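Let's walk through a helix packing and a sheet, one piece at a time. Have the viewer open as you read.

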Amino acid sequence: MNDTICAISTSLGVGAISIVRLSGKDAIKIVKKIYKGTDLDKVDSHTINYGHIYDKNELIDEVLVSVMKSPKTYTTEDIVEINSHGGINTTNKILELLLENGCRLAEPGEFTKRAFLNGRIDLVEAESVNDLINAKTDAARKLALNNMGGNLTKKIEGIRNKIVELMANIEVNIDYPEYEDILVIKERDLIPKLKEIKSELQDILTLSKNGKLIKEGINVAIVGKPNVGKSSLLNKFLDEDKAIVTDIAGTTRDIVEGSISLNGFQINFIDTAGIRETKDVVEKIGVEKSLETIKNADIVILVLNNNAKVSDYEKDLMESIHPYKRIIYVNKSDLPTKISLDNYYILGNTIDDEGINKLKKEIIKKLELDTIITKDMSYMSNIRQIDLLKKAIKSIVNALNNLDAGMPIDIVEIDITNSFNFLGEIIGDVYHDKLVDTIFANFCVGK
Amino acid sequence: MYDVIVVGGGHAGCEGANIAAKMGFKTLLLTMNKNNIADMPCNPSIGGTSKGIIVREIDALGGLMGIVADLSHFQIKMLNNSKGPAVRSLRAQADKIVYPKKMLEFLNKNKNLTIKEGLVEDLIIEDNKVKGVILSNKEKILSKTVILTTGTYLKANILRGSENVESGPHGEGRSNHLSDNLKKYGLEIIRLKTGTPPRIKYDSIDFSKMHEELGSDTFLTFSHDIKPQYKINEQQKCYLLYTNDLTHKIIQNNLKKSAMYGGFVTGVGPRYCPSIEDKVVRFSDKERHQLFLEPESIYYDEWYLQGFSTSMPKDVQEKMVHSLVGLENAVITKYAYAIEYDAINPLQIKPSLENKIITNLYTAGQINGTSGYEEAACQGLMAGINAALKLQNKEPFILKRNEAYTGVLIDDLVTKGVTDPYRMLTSRAEFRLLLRHDNADIRLREYGYKLGIITEAQMNKLREKLDNINKLLSDVKNTKLKITKEVASVFEDNDFDIPTKSLSFEELLKRTNITFNFLNHFINLDYSDEVKEQVEIELKYQGYIKKAKKEAEKLQKIEEKQIPDDIDYQKIKNIASEARQKLDLVRPKTMAQASRISGVNPSDMAILAVYLKKEYGKND
């Protein structure tokens, strides 16, 4: 971490200005080698300075240089940002010059990594910054911002405080067994408290799934018999809204046909059972392939034909989709009705937009997207956090089971402690002294 | 010229002197008063939660505290029996006359050990190396190593209200210059405080208004080597009583008169052991506080009023005591007092208990910032062993956190330092499921044997026990219980679920409620109780024990990541300044120790790891 890193901080090619950022102890020294203007060594911290970038004697660009001196900076190191006129060639040239003069090209996320390693931000915040950078929709951005503010940390800390109080009570009973005037925590006291903690953790987990929706988007599959109009429905979705051009590799293992933004959420149309394929191939695709698609989707739109009876194949499909994520869309409302269906369905056609608008509303309703936005946004949104949260819940469940099996309190406490530690890992905290402090803050014991 | 001089004859000093002499070194124990060897100036008990396990560890390593307590107590009990195997711990009410007498008998039997009266006021130091001690009469005594176990005697002051007397416990003399001299040699001196409750005359107590506290109805010992020496129904009783409204009112009204609240105390008192005025102030919503009356000895008639430690003036103490039900007419034989004393900052000592600044100087017990007889004794033992190892040019003996409470205690001291006198608690041991009362010998005797402080006979006894444990483990694995009508009815009688198919005894013992006692209905397994106990614990808590062992192994890997002694923390650029200061002060030996320092955050650890890798090419 003794070297100075640099990278282009704005996206290349678009916008009138692009920024090259440096962080490290030699940031100012290196920029000075290629810059003519105000003496950067002498300027105050957090100032913007006018000057020019030169490659030896050749003028490269007219620039504004922001100087932010350690420690009150994002990484806590010296940071310099060069604002140049946009354009790939100029920006790349500046970057090259910096590299020639002793900078190292930053790895992805390295500025944030330094901020974390230098104690500027905690782990959850670091992860949130990463999320923010990758956020594609408004909701995802809000979620990331919220976590950066430490909302999730506060929530987890609240639950951990409850756990540590239980632990302290158990410990004080163990360390001062003859003090009958201290509340001796018994099975019957412990069970409701553990259940309460469990349900609070489960709430966060449920919300976290929403967090995942916000961050990774909602996967929608369109399934149905060949020729029923799946392809035209997809095109209608994509045509109407400006499709998000994105590389979401790693967020889903399904092939994404295209994405739109709906109510601030990213909707990914995932591999919809080969609707782009030729007719011959489509006919070979059986229920099995559809089932796979259905499993991986958050919402499944089953397309039926208004002008035909429901086939056995379609009945099978319908039953294989759980109602909570199933939307039935009956296409071809412009043709005479031959279908008869007891379930709720949305009627539409490829001519007007009535059907597709209803479909969008139905998606919002099914996933309660309108409520997610308004609730507080302390969701966990990455796999590491969700995994630890699940482990914390499992530990509480173990403790409850052990109580039920009549295990001694000392053994029961092991799982309670584990839960406390897993939650601590989420927010990157160490714990041990906290327990001893709580014991003496809350209980009256001694010789 | 001695090999080892031990300064102070308290619990740390006795163990240190005894073990160094046992390891073959010519040892001198210096005490201010031979009659005060192994004195118990405060509570009349040995052991207690987690402390009882420390006594077992001392015994497993050839120390004396366990066996002396077994020979001198008039009541013993197992605490936390129902709360789980890891937290069970013994406590004995030791006779304050008999305990020191028996201890002295053991010490006198040790032919390498000399006991002499004398007050040490200075050390002989050359090139930061200790060469001996200087007594108050200017006598110089040379030795290769020195162990300081000065207890509360360094510049001790006794406080009662505004009364402040320069005195050691019970009016004993104090050491006036030793701590100043230590300061001169570069040691940081801290000021600590502790206290003791009043003693009450036996025949002035009305026990009829109090609740009896009895000893155990089974035979128990601290020591692994002797049979119980007492008769169960001849154990002495203790008594439980409570404070009341009146007591609290007296305390509230006189608060400013107490040494603590009147601002007369400069030392920091122990959090876990608050005075009664502290309890009343801090927990003002509590209607009453629990107190115990415990006999100090069967040879005199003073009783110890546990829970009533105070620094109030004598007249207020009279009122306070007389407000208690059953003590309306009590005669106070000794008034409670607070005592302040000098100690050294334990961050200046190594895990071997050797001083970082002065070589060959060791410290143990209250001078290191701890409190309690047991905490002192285990440090004394370790200091004695390590002084001897140093003289043998061997590596120090350092117990790990997953091996012994003793290891936890010393690691806490030298890594975290102290703000108030340190008392051991079960909650300080993250591997307490491994650090049990029942397995102290299995954990530590092998070490003792290799150090030459555990005899071949003692070791053979352990080997036989281990063999039997393995035999019994395979016996229960290979024996199946067929579920006949008779068998089913036994389960039914005990309100246990009847197994649906025949099960091995091993499978049965894994059930929470099934014990060897119950299995006696079906099979006669001829093994000792302690062997059965081991097997039962091992089977019942197998999953958790395995997990703890795995965690310990994980920790071991970080423990093995050494930090070079010559590391310059000033050179690590991005580390937080608080972490840098702490690291520089503690100078941890391993990454694991570094991670336990308070104020060193995970991000500091990451930076340290990166730095080590870059500078020293290790720490993967």
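Which residue stands opposite B:R199 in strand 18 of chain B? It's B:K334. Before going on, some housekeeping: this is a predicted model, where local features need pLDDT of at least 70, side-chain atom pairs count only at pLDDT 80 or more, and totals for chains, interfaces and linings use all residues. Residues are numbered from 1 along each chain as its sequence is written, while chains are lettered from A and ligands numbered from 1 in the order in which they are written.

Back to the strands (DSSP runs of E, at least two residues, numbered from the N terminus). Strand 13 (residues 199-201) of chain B pairs with strand 18 of chain B in the antiparallel sense, over 2 bridges; pairing takes at least two DSSP bridges between the strands. Both belong to an open sheet of 6 strands in chain B, ordered 14-15-16-17-13-18 with antiparallel pairing. At the edges sit strand 14 (211-213) and strand 18 (332-334) of chain B, each pairing on one side only. From one strand to the next, the twist averages 35°.

Now for the helices (DSSP runs of H or I, at least four residues). In chain B, the axes of helix 1 (residues 11-22) and helix 4 (residues 98-109) come within 10 Å and cross at roughly 20°. That's why helix 1 of chain B counts as roughly parallel to helix 4 of chain B (the label covers angles under 35 degrees). Helix 1 of chain B brings B:C14, B:A17 and B:N18 to the contact, and helix 4 of chain B brings B:M103, B:F106 and B:L107, with contact meaning backbone-placed C-beta atoms within 7 Å.

Technical notes:
Axes fitted to C-alpha atoms, helices over the stretch in contact; angles between N-to-C directions. Parallel < 35°, antiparallel > 145°, perpendicular 65-115°, else oblique. Contact = placed C-beta atoms within 7 Å.
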